[in-house]
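Please report on the salt bridges of this model. Cover the partners, the distances and the exposure of the side chains.

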Amino acid sequence: MIDAAATKPFGFMPFYPGPGLGGHCIPVDPYYLSWKAREYDFSARFIELAGEINTSMPYHVVDAIATALNNSRKALTVQNC
């Protein structure tokens, strides 16, 4: 998809997906909508569930990498920051 988008003659900037939450809008902005919905006694549970999944995704990626390394009998060294 990125290669196809790169064929347009102007204004192309590629964004490559990664394991974390990028920018401000995806991890934060939907919660504003959910908060506003609660003011009107409306539940936006789908938005809240999506936020929980987005927040847990980096941990899921680390677990998947650790599993793959363990299956290949390679060490995963974790350093505390």
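This is a predicted model: local features need pLDDT of at least 70, side-chain atom pairs count only at pLDDT 80 or more; totals for chains, interfaces and linings use all residues.

The structure contains four salt bridges.

| Salt bridge | N to O distance |
|---|---|
| Lysine 36 – glutamate 39 | 3.0 Å |
| Arginine 45 – glutamate 48 | 3.6 Å |
| Arginine 45 – glutamate 52 | 3.3 Å |

**Helix α2.** Lysine 36 pairs with glutamate 39. Both sit in helix α2, which spans residues 25–39. They are three residues apart, so about one helical turn separates them. Lysine 36 is partly exposed, at 37% relative accessibility. Glutamate 39 is also partly exposed, at 44%.

**Helix α3.** Arginine 45 and glutamate 48 both belong to helix α3, residues 45–71. Their spacing is three residues, so they too lie about one helical turn apart. Arginine 45 also forms a salt bridge with glutamate 52.

Is glutamate 48 buried or exposed? Glutamate 48 has a relative accessible area of 19%. The cut-off for buried is under 20%, so glutamate 48 counts as buried. Arginine 45 is partly exposed, with a relative accessible area of 39%. Glutamate 52 is partly exposed as well, at 45% relative accessibility.

**The network.** Which residues are linked in a network of salt bridges? They are Arg38, Arg45, Glu48 and Glu52. Within this group, Arg45 bridges to Glu48 at 3.6 Å and to Glu52 at 3.3 Å.

Technical notes. Residues are numbered from 1 along each chain as its sequence is written. Side-chain values use heavy atoms; hydrogens and water are left out. A salt bridge is a side-chain nitrogen of Lys or Arg within 4 Å of a carboxyl oxygen of Asp or Glu. Helices (H or I, at least four residues) and strands (E, at least two) are DSSP runs, numbered from the N terminus. Buried means under 20% relative accessible area, exposed over 50%, partly exposed in between (1.4 Å probe, protein chains only).
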